[in-house]
Amino acid sequence: MMTLSIKNATKQFGDFTAVDDISLDVAEGQMHGFLGANGAGKTTTFRMALGLLTPTQGEVLWQGRRISYADSPDIGYLPEERGLYPKMKVQDQLVYLARLRRMDKKQAEQGAKEWLERFEVPHYANKKVEELSKGNQQKIQLIASLLHNPKLLILDEPFSGLDPVNVEMLKKAILDFQRHGATIVFSSHRMDHVEELCDDMSILDKGKLVVHGSIREVKRTFGKQNVRIHSDADITALSELPGVEKFTAQRSGGVFRIADEAVGQNLLARALELGPVRQFALEEPSLEEIFIEKVGRAHV
Amino acid sequence: MYSFWIIFKQAFKTKAMTKSFMITTLVVVASFFLLANLPSIIESFDGDDNSQQTIQVVDGTGQYTEALQAQLDQQDSAIQLEASALSEEQLRTDVEAGEMDAFLVIEGDDEITARYIAESATESAQAAELENALQSLQTARVAEQLELEATELAQLFAPVEMEREALAESSKSQEELSQARGLVYILIMVIYIAVIYYPNMIAMEVANEKSSRVMEILISSVSPVKHMFAKIAGIGSLGILQMMIFALAGYLAIQSSGSDLTEGVFSVMGFSEVKFSTFFYAILFFLLGYFLYAVLAALLGSLVSRTEDVQQLMLPMMILIIIASFIAFSGISMPEAGYVTVASYIPFFAPLVMFLRVGLLDIPLWEPLLSIAIMLLTIGILGWFGARVYRGGVLMYGSSQSLKDIRRAIKLGNEK
């Protein structure tokens, strides 16, 4: 069953088209990653999904209906611009925000305690948010978005500005949360996060959806592979062979981008003629490569 | 409704727990007690005034000292005269040396002339008392010379009696008016401060939530309109609580001063003829004024991205309130002026000006009712309009400092 369904959604602000005719389904219990440069329309898409913005055309449906404030208890949101009450105590803040999503007070108090312990910050419960470091504030922000056990969790850049240890901690928490049955949509500028966490993914560019589908499918339909050959001999000349689209030299060999698998076998045969081959591998393209190919520039 | 109460309670609680709120409340309550007990406090400092003051007199004629003393005693003065054996020159050196505060020189036969010589001119109360006594003495002497009878003298100094009578039916009698005036003045002051203080609180709250970016979380959880009205209701209740504390403190303070509200200072304030309706209207116009300006403040607060910009955007609203107060305070002395009547129907002025009119004049009931209806209508329109601006405004960031942004916000709110 499709839980979140974006149908031909377009959002214009005056003359500016922030989101241009996007259609997309996110199945229940899935994790969907959004990639896109700044200003690609990720946040606008999320705000439309949340009902904060109404699409100029098209619609966004959640379980067949437009999202309204009646769905508030089922939805969790981590905005890109982090925001908490600076002068309110962490525990009070978490309970207040969960209660706004109509969670029971006792449950919210208990849940907040458990999550703080899980993120190894129980001693911050009675501190003011402004006294916490950026990374710890972000933990609190994430707890605030999922404390009330939403069925749909929307995370806008959940990992930005965190150190690697905390990224791992948050990743694990988000994966666990998905395993409990939540549908999660998140945006990131880190390809590896999307690759690691997501079932499905989309790439947005200037408001348009340029790629979308399961990661495996996206890679397959990309129709290109990388051939990695490490050899004692100089294999640079092989890049001139027909079927090689791109060659990236490395210290002891290089990576050839090919569109046809047969070219790979040909490359291997020719490399062997030049000298002994230390390593040969047919590799899937990385998301980074797909992104550069589709968007025409590097993703920063 | 659940989330409305959550926001309502939160707004009420966090504001009530702030240091500034508690300190303001305490300071006002303390000053009430101080003011109410001011007369007795002043008296306790004035203890020495009743002690005897002895003044040396150089009486050239030798005939006035006794008569002057008699006159002073009649005036309940504490001054005691003492004929000095020393000459004026010697007394002068004594005063200069600080051994004596002041002395009096009386001269003249038919017309009394006197000189009061003191180290500094600050002992004027004593001088005035002496001058008064000398004046009476002089008058009595002249009357004697002219062979006037005491009754004739009384006639000469009798004050003119002029009674003011108002013919307009609506006007209260002069006596009633002056009694009501003090109370109305105080209550207008209270309403004036309240419609500045509490709506400002709201604008700051909204701007705070926007600048800390918690707003986006809030309005993804609860509708912005609900959020806005819950906040206004929460802080409004806090305002009512604070006013009730002040009223209770004021009452207790007056009780503690031992006055029964009809004497001295309080008689001027008109507490002796307290009319229940005046208080009722004061509460009513306080609430209406609060809601009117609170909606406007929430709307303006939603436009700024930084709390520093709040005051700038609030300026037009403050000017409205200040104009209202000018009309109301100037209207206290002439409540029937044309501009006061007109202003009492203009919604932004009505909370102060219509209250002034119902407090001071006997106007027919339909007049305040019409004014209240106009205000309710304006609050309704402003609430509807404010909710639209608010919906867009809370998502709008950037250097918004002008009222032009209202249009942008409505557009964003509509596109929603």
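Q: A residue is buried if 20 or more other C-beta atoms lie within 10 Å of its own, exposed if 12 or fewer, and partly exposed in between, with C-beta atoms placed from the backbone. What is the count of buried residues among the 7 residues of strand S12 of chain A?
A: The count is 0, and strand S12 (residues 244-250) of chain A is hardly covered. Strands (E, at least two residues) and helices (H or I, at least four) are DSSP runs, numbered from the N terminus. This is a predicted model, in which local features need pLDDT of at least 70 and side-chain atom pairs count only at pLDDT 80 or more, while totals for chains, interfaces and linings use all residues. Residues are numbered from 1 along each chain as its sequence is written, and chains are lettered from A and ligands numbered from 1 in the order in which they are written.

Q: Which strand does S12(A) join, and how do the two run?
A: Strands of a sheet pair through backbone hydrogen bonds, either parallel or antiparallel. Two strands count as paired if DSSP finds at least two bridges between them. Here S12(A) runs antiparallel to strand S13 (residues 253-258) of chain A, and 6 bridges join them. The two strands form a hairpin with 2 residues between them. Look for A:Phe247, which stands opposite A:Phe256 in S13(A).

Q: In what order do the 4 strands of the sheet in chain B lie?
A: Read the open sheet as S2-S1-S3-S4, with mixed pairing. Strand S2 (79-83) and strand S4 (113-118) of chain B each have a single partner strand, so one side of each is left without a neighbour in the sheet. From one strand to the next, the twist averages 30°. Strand S1 (residues 53-59) of chain B runs parallel to S2(B), with 5 bridges joining them. Across that pair, B:Ala83 in S2(B) is the bridge partner of B:Val57.

Q: Which strands does helix H4 of chain B lie across?
A: Helix H4 (residues 65-74) of chain B lies across S1 and S2 of chain B, at about 170° to S2(B). Helix H5 (residues 88-96) of chain B also packs on the sheet, touching S1, strand S3 (102-107) and S4 of chain B, and makes about 160° with S3(B). Touching, or being in contact, means that the C-beta atoms of two residues, placed from the backbone, lie within 7 Å.

Q: Is B:Ile235 buried or exposed?
A: B:Ile235 is buried, because 25 other C-beta atoms lie within 10 Å. You will find B:Ile235 in helix H10 (residues 224-256) of chain B. Leaving out residues up to four places away in sequence, B:Ile235 touches B:Ala11, B:Lys15, B:Tyr198, B:Met201 and B:Ile202. B:Thr14 is 221 residues from B:Ile235 in sequence, yet their C-alpha atoms are 9.8 Å apart in space. Over chain B, buried residues make up 33% of the 416 residues.

Key: Axes are lines fitted to C-alpha atoms, for helices over the stretch in contact, and angles run from 0 to 180 degrees between N-to-C directions.
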